[in-house]
Amino acid sequence: MTPLGRRGELVVAGVLAGIAILLLGLPNALLPDAAAQLFLIASFGPSAAILFGDPSGRSARPRAVIGGHLASAIVGVTVAQLLGGEPLLAAAVAVGVALGVMLATDTFHPPGGSTALLPVIGGASIAALGYSFVIAPVLTGAVALVIIAHLLRRGGDQVRRLARRDRQGAPGS
């Protein structure tokens with residue numbers, strides 16, 4: 001059992017995931033509308049859940065998070081531009097091809113399927129971004145999320161060490 005106990009670990013994971021999303025969304029709240037979608041998209045919510053809920057899983061590797069979102073965004077924008085007039089077909093093709101690309105490149109990250117869907121069903125504002133959607137918010141956000149998760153998990157590790165020390169009655173506690 002960890003120093004925080006099972007419930008404590010669950011709370012820490014949830015709080016850290018929430019903080020990560022808050023930090024990703026903060027620039028959106030502080031910057032003018034032109035740069036409003038610098039880092040945060042809906043598919044980063046499940047990415048945060050994976051990064052904090054299963055941090056040792058293959059889908060939580062930086063290569064999977066960043067590569068999976070990046071590959072899926074490229075696929076999504078391409079499919080949206082080629083099949084945009086057929087949204088249902090485009091959605092199916094985008095998700096299917098994105099999955100294949102993630103598997104072929106060892107970047108499987110399930111939330112990437114959502115990232116592939118965004119250019120197809122995300123409306124005119126996302127469609128207008130074209131391939132710049134791949135850079136911001138997808139690449140910038142995925143990299144920022146991986147960095148934030150790494151830093152927050154290190155902070156969580158420090159909390160666990162302090163809890164362990166307090167339980168052992170170490171001097172200075």
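Helices here (H or I, at least four residues) and strands (E, at least two) are DSSP runs, numbered from the N terminus. With that in hand, the chain has seven helices and zero strands. This is a predicted model, where local features need pLDDT of at least 70 and side-chain atom pairs count only at pLDDT 80 or more, while totals for chains, interfaces and linings use all residues. Residues are numbered from 1 along each chain as its sequence is written, and side-chain values use heavy atoms, with hydrogens and water left out.

**The chain as a whole**

- Going along the sequence, the pattern reads α-α-α-α-α-α-α.
- Along the principal axes, the C-alpha atoms fill a box of roughly 65 × 40 × 20 Å.
- Of the 173 residues in the chain, 41% are buried (buried means under 20% relative accessible area, exposed over 50%, partly exposed in between, with a 1.4 Å probe and protein chains only).
- The accessible surface comes to about 9100 Å², and 68% of that belongs to carbon and sulfur atoms; the areas come from the Shrake-Rupley method with a 1.4 Å probe, and for residues only the protein chains shown count as cover.
- Take the contacts in the chain with a separation of 6 or more: residues 24 or more positions apart account for 71% of them (contact means heavy atoms within 4.5 Å).

**How the helix pairs are described**

- Two packed helices are described by the angle between their axes and the distance between the axes.
- The axes are lines fitted to C-alpha atoms, for helices over the stretch in contact, and the angles run from 0 to 180 degrees between N-to-C directions.
- Angles under 35 degrees count as roughly parallel, over 145 as roughly antiparallel, 65 to 115 as roughly perpendicular, and the rest as oblique.
- A crossing is right-handed if the near helix is turned clockwise from the far one by less than a right angle, and left-handed if anticlockwise.
- For residue classes, Ala, Val, Leu, Ile, Met, Phe, Trp, Tyr, Cys and Pro count as nonpolar, Asp, Glu, Lys and Arg as charged, and the others, Gly among them, as polar.

**α1 with α2**

- Helix α1 (residues 5-30) packs on helix α2 (residues 44-53) at an angle of about 140 degrees, with the axes 9 Å apart, and that makes the pair oblique.
- α1 passes α2 in a right-handed crossing.
- On the α1 side the contact uses Ala13, Leu16, Ala17, Ala20, Ile21 and Leu24, and on the α2 side Phe44, Gly45, Ala48 and Phe52.
- By class, the residues of that α1 with α2 contact split into nine nonpolar, one polar and no charged.

- α5 is mostly covered, with seven of its 10 residues buried: Gly112, Gly113, Thr115, Ala116, Leu118, Pro119 and Val120.
- The axes of helix α3 (residues 62-83) and helix α5 (residues 112-121) come within 7 Å and cross at roughly 25 degrees, so the two are roughly parallel to each other.
- The crossing of α3 and α5 is right-handed.
- From α3, Gly68, His69, Ser72, Ala73, Gly76, Val77, Val79 and Ala80 meet Gly112, Gly113, Thr115, Ala116, Pro119 and Val120 of α5.
- That α3 with α5 contact has seven nonpolar, seven polar and no charged residues.
- Helix α4 (residues 87-104) packs on α5 at an angle of about 145 degrees, with the axes 9 Å apart, and this crossing is right-handed.
- Here Pro87, Ala90, Ala91, Ala94, Val95, Ala98 and Met102 of α4 touch Gly112, Gly113, Ala116, Leu117 and Val120 of α5.
- The α4 with α5 contact counts 10 nonpolar, two polar and no charged residues.

**Backbone spots to check**

- Most residues other than glycine have a negative phi, and most peptide bonds are trans.
- Asp106 has a positive phi of about 55 degrees although it is not a glycine; Asp106 sits in the loop between α4 and α5 and is partly exposed, at 33% relative accessibility.
- Gly123, which follows α5, also has a positive phi, near 90 degrees.
- Ala136 and Pro137 are joined by a cis peptide bond, with omega about 25 degrees.

**Inside α7**

- Ala136 is partly exposed at 24% relative accessibility, and its C-alpha is 5.4 Å from that of Leu38, 98 residues away in sequence.
- Gly156 lies in helix α7 (residues 132-167) and is buried, with a relative accessible area of 4%.
- Gly156 and Leu10 are 146 residues apart along the chain, and their C-alpha atoms are separated by 12 Å.
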